Amino acid sequence: MSNLTPKHLNTCSLSTDMENLPKLGVGIGFREQFRADLFLHRAKIDFLEITADHYLDATTQKRAELELLKQHFPLIPHGLNLSLGSAEGVDEKYLEKLARLIEEIRPAWFSEHICFTKSGGVDIGHLAPVAFTRESLAVLKRNVRRVKEFIPQTPLILENITYMVRFPFSEMGEADFIRELVEETDCGLLLDVTNLYINSVNHGYDWRDFLEKLPAERIVQLHFVGSHRHGNLLIDGHAHRTEAEIWNVFREVCVKSNVKGAILERDENFPPFAEILEEIRTAKEIFQPDSRRHGKHDRLALRRTKD
Amino acid sequence: MQNLLARIFTDEDLRLRFLLEPEKTGAENNLSEAEIEQIKQLLPEQINFFADSLFYKRLHEVEKFLPLTRKLLGKDFEKYFREFANQFVPQTIKKHLEDALEFAAFLQSKKIEPIWAKDLARFEQARLSFNNSEKRFSLKRFDFDVRKIVREVSREGAKAQSEFPKRKTYAVWLRVGKRTKHFIY
């Protein structure tokens with residue numbers, strides 16, 4: 001494989017037209033546990049989100065799996081460890097590997113999180129929140145721009161996370177923070193409606209107010225899945241069926257935005273696949289009544305572009 | 001501040017010290033006075049909740065990689081893992097896999113009952129290592145009849161130690177094309 005170096009340093013000046021991104025439809029995060037069912041019901045799943053980290057430093061077996069998935073589904077890589085919120089900067093060895101993966105897959109977009117996962121040699125092991133300060137914004141903007149130097153051609157979309165730790169010294173609200181971040185870095189938004197709902201319950205705010213402040217034209221993709229209660233708190237365990245309140249958020253976003261894709265993010269407590277398909281069907285009915293037709297047209301267009 | 005936060009979230013002892021003496025811990029970690037004032041504002045219950053969630057996520061991922069060892073050790077699995085997690089931080093992209101492999105190695109140094117649980121952990125470690133490598137062949141030696149142990153623990157949980165006498169067994173893993181097989185004799 002070639003040595004990748006930052007290229008097209010001026011491409012950050014090009015604006016990404018989110019409106020012209022392909023409408024992929026509704027899909028699921030790929031999990032090995034339902035690989036067989038996935039292929040059996042291929043026609044009902046418009047695209048897959050893959051965990052990028054699983055295919056970096058991949059074994060022959062994982063590479064074969066990626067090749068198989070690529071042949072049958074549009075893929076969107078979802079990163080876990082860029083740690084865009086790290087003040088020390090992004091890990092450029094990891095970034096190079098991610099860039100190679102994206103060059104191989106040529107997805108319509110790729111995604112990461114508004115968080116930090118490592119600092120000072122310590123890997124936290126999960127997504128930790130950043131304070132909503134000007135300083136954090138500057139760090140995120142700097143890191144996103146660095147990522148775009150390595151991956152200039154593929155739009156980056158950024159996901160909101162759930163968080164328990166709040167920083168009282170934050171200088172702005174989360175929605176304003178996200179808005180400024182995506183607008184100034186010309187990124188899209190991966191709006192996790194489950195995370196939005198959970199945060200609104202746990203931290204006592206109205207998710208509709210939050211949604212009003214987000215740039216609707218930049219919401220490219222959604223994540224959805226059910227939550228569960230732990231005492232007074234809601235938890236994003238990715239282990240339950242999507243509940244009515246989260247469907248309400250999903251519905252509201254689809255009314256306000258021309259969302260291009262939605263992914264069911266089920267990681268644990270896997271139900272019979274028929275239940276997964278039912279959730280996908282529900283999402284499709286809300287997403288766009290004729291979403292299946294649009295999804296197939298765009299999938300075909302995507303394949304022709306790749307060929 | 002992020003460096004200290006990352007350590008507070010992942011290091012139980014440091015977290016306790018910080019929550020008891022935030023100014024002192026902040027100063028020891030080169031925070032400015034302004035940063036110390038900021039970090040003091042974080043609510044202990046939120047820090048603890050997040051730190052616990054990180055630990056349990058890490059534990060849960062390792063349980064998936066070492067299911068038979070988990071089943072055999074029961075609650076002790078968490079106890080040992082907590083001790084391990086305070087000493088080891090994975091560094092690679094495959095952090096949960098790295099955790100599982102290193103944890104299985106860590107168990108070898110512990111006094112565990114039943115004693116053959118260590119062989120079970122080593123078996124799962126070897127299987128995991130082989131399945132996540134490009135190796136075509138791997139051979140491991142065990143002190144107990146690991147074939148019987150795996151069968152019994154898989155089926156209905158641990159049997160009394162006397163039912164697994166010491167008997168040298170060998171496990172072989174082979175990769176032929178895309179297929180992998182293992183043999184125990």
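Helix α9 (residues 117-131) of chain B lies across β1, β2 and β3 of chain B and runs at about 175 degrees to β1(B). Helices (H or I, at least four residues) and strands (E, at least two) are DSSP runs, numbered from the N terminus. Contact means heavy atoms within 4.5 Å; axes are lines fitted to C-alpha atoms, for helices over the stretch in contact, and angles run from 0 to 180 degrees between N-to-C directions.

This is a predicted model, in which local features need pLDDT of at least 70 and side-chain atom pairs count only at pLDDT 80 or more, while totals for chains, interfaces and linings use all residues. Residues are numbered from 1 along each chain as its sequence is written, chains are lettered from A and ligands numbered from 1 in the order in which they are written, and side-chain values use heavy atoms, with hydrogens and water left out.

**The sheet of chain B**

- In chain B, 3 strands in the order β1-β2-β3 form an open sheet with antiparallel pairing; two strands pair if DSSP finds at least two bridges between them.
- The edges are β1 (137-144) and β3 (179-184) of chain B, and each has a single partner strand, so one side of each is left without a neighbour in the sheet.
- From one strand to the next, the twist averages 15 degrees.
- Strand β2 (residues 166-176) of chain B is joined to the antiparallel β3(B) by 6 bridges.
- Val172(B) stands opposite Phe183(B) in β3(B), and Arg175(B) has Thr180(B) as its bridge partner.
- The hairpin of β2(B) and β3(B) has 2 residues between the strands, and Gly177(B) in this hairpin takes a positive phi near 65 degrees.

**The interface of chains A and B**

- In this interface, 38 residues of chain A are in contact with 31 residues of chain B.
- About 2,800 Å² is buried between the chains, and carbon and sulfur atoms give 61% of that area. Buried area is the accessible area (1.4 Å probe) that two parts lose on being put together, summed over both.
- Ile124(A), Val165(A) and Phe169(A) supply 19% of the area that chain A buries against chain B, more than any other three residues.

**The second largest pocket**

- This pocket has a volume of about 560 Å³. On a 1 Å grid over the protein atoms alone, a pocket is an open set of points where a 1.4 Å probe fits, with protein on both sides within 12 Å along at least five of seven lines; lining residues have an atom within 4 Å of a point. Grid points are joined across faces, edges and corners, and a volume is the space filled by probe spheres set on the points.
- Of its 28 lining residues, Ala87(A), Glu135(A), Met1(B), Gln2(B) and Glu35(B) are the closest to the centre.
- The largest share of the lining, 5 residues, comes from α1(B).
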